[in-house]
Amino acid sequence: MPPSRIRFGIQTGQQFASWDEIVRIWRRAEALGYDTAWTYDHFVAVMMDPFDPCLEAWSCLAALAVHTERIRIGTLVTGNTYRHPAILAKMATTVDVISNGRLEFGIGAGWYEPEHVMLGLPFGSVASRCARLDEALGVIRALWQEHQPSITGAHYALRAAIAEPKPIQRPYPPITVAGAGERRLLPIVARHADTWSSFGSPEVYRRKIEILRRCCDAEERDCSAIEKQVLVPAAITSDLAAVAPLIQGYAMYQGISQDEARCWMLLGDRDQVCQQIDAFVAAGVSHFVLTLSPYNFDVFERFAADVMPRYR
């Protein structure tokens, strides 16, 4: 069924912060009523000083499951290129058990080539990474649902594989597939995902959701049953000059103009931010994840106090 309400979450990259700070912000997010909290999956700091300490995503997620009680948790998103899907399925099941069924399983094709090069990990073309992701999701779903699945694929193989216990959530934790590719990625979303995560303006989402709808028709799925999620920087302020560095950094990160970046972000006073959220909702988005790296406690405190109550 389509999502019954708007959801809000935070993403905290494991850089620019100590472990104690990460725990503090997740506990506070839960207390403030956020629905989801997400780590990110990188082994080195991204787009900043690569020597900045960066903790591993799934290890953090297991520990954060113990430090929280209600909030749903996940990694936005796991790079499929970093781990064999059978190992990843076991890791995800373990976190679902530790969290008492609160895992949201996020995965993507992988994108940060410098990290692969420095660690000697195969990268490949967009086509090959998407093909591996598609196959990996089939492997993971089989391990979560079947008694002893056997699979012979182009990239992965299982032989009467044992995967016990199964996840607490049945048939399996909700799957979030992230990416923006229209030709290769969106068909994978239509085939496997419960949530699609990406970034862009409401106009970008409106166009891509229509493409996703056609992909869902080909898979005989109801596109409205797939939650649409946006990962978005935010700042609630009447002084946009003060957030100019945030706009500049996001534009550089995404490879877009600063004017375009403003349309991809939630910026302004409370009413302006709500108008921007309403535009996303009208396009079909129902899950907003604030990216908090470097961490800004004021942003997510004010967002919870000023914005979220309008959508509860």
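Which residue of β9 does A178 stand opposite? A178 stands opposite S197 in β9. The legends below describe this and other close-up views. The structure is a predicted model, in which local features need pLDDT of at least 70 and side-chain atom pairs count only at pLDDT 80 or more, while totals for chains, interfaces and linings use all residues. Residues are numbered from 1 along each chain as its sequence is written, and side-chain values use heavy atoms, with hydrogens and water left out.

**Figure 1. Strands β8 and β9 run parallel.** Three bridges join strand β8 (residues 175-178) to strand β9 (residues 195-198). Helices (H or I, at least four residues) and strands (E, at least two) are DSSP runs, numbered from the N terminus, and two strands pair if DSSP finds at least two bridges between them. Both faces of β9 are covered: T195 and S197 are buried on one side, and W196 and S198 on the other. Buried means under 20% relative accessible area, exposed over 50%, and partly exposed in between (1.4 Å probe, protein chains only).

**Figure 2. Strand β13 pairs with β1 and with β10.** Strand β1 (residues 7-11) and β13 pair in the parallel sense over five bridges, and F8 has F288 as its bridge partner in β13. Strand β10 (residues 227-232) is also parallel to β13, with four bridges; here V232 stands opposite L290. Because four of the five residues of β13 (residues 287-291) are buried, this strand is largely enclosed by the rest of the structure.

**Figure 3. Q229 is a buried residue of strand β10.** The relative accessibility of Q229 is 0%. Not counting residues up to four places away in sequence, Q229 touches several residues, including W38, L76, T176, Y205 and V289. Contact means heavy atoms within 4.5 Å. Among the residues that Q229 touches are also T195, W196, S197 and S198, which are the buried residues of β9.

**Figure 4. E135 is buried yet has no salt bridge.** E135 is placed in helix α5 (residues 126-145). A salt bridge is a side-chain nitrogen of Lys or Arg within 4 Å of a carboxyl oxygen of Asp or Glu. For E135, the nearest side chain of opposite charge is R132, 8.8 Å away; Lys and Arg count as positive and Asp and Glu as negative, whereas His and the chain ends are not counted. The side chain of E135 does reach the backbone nitrogen of A154, at 3.1 Å. Leaving aside neighbours within four places in sequence, E135 is in contact with G153, A154, H155 and Y156.

Figure 5. Side chains of opposite charge can pair when their charged atoms come close. The whole structure holds 18 salt bridges. In one of them, the closest N and O atoms of R83 and E56 are 2.7 Å apart. R83 is buried at 12% relative accessibility, whereas E56 is partly exposed at 23%. D134 and R191 also meet in a salt bridge (3.0 Å, N to O).

How values were computed: Polar contact = N/O pair within 3.5 Å; in protein donor to acceptor, adjacent residues only side chain to side chain.
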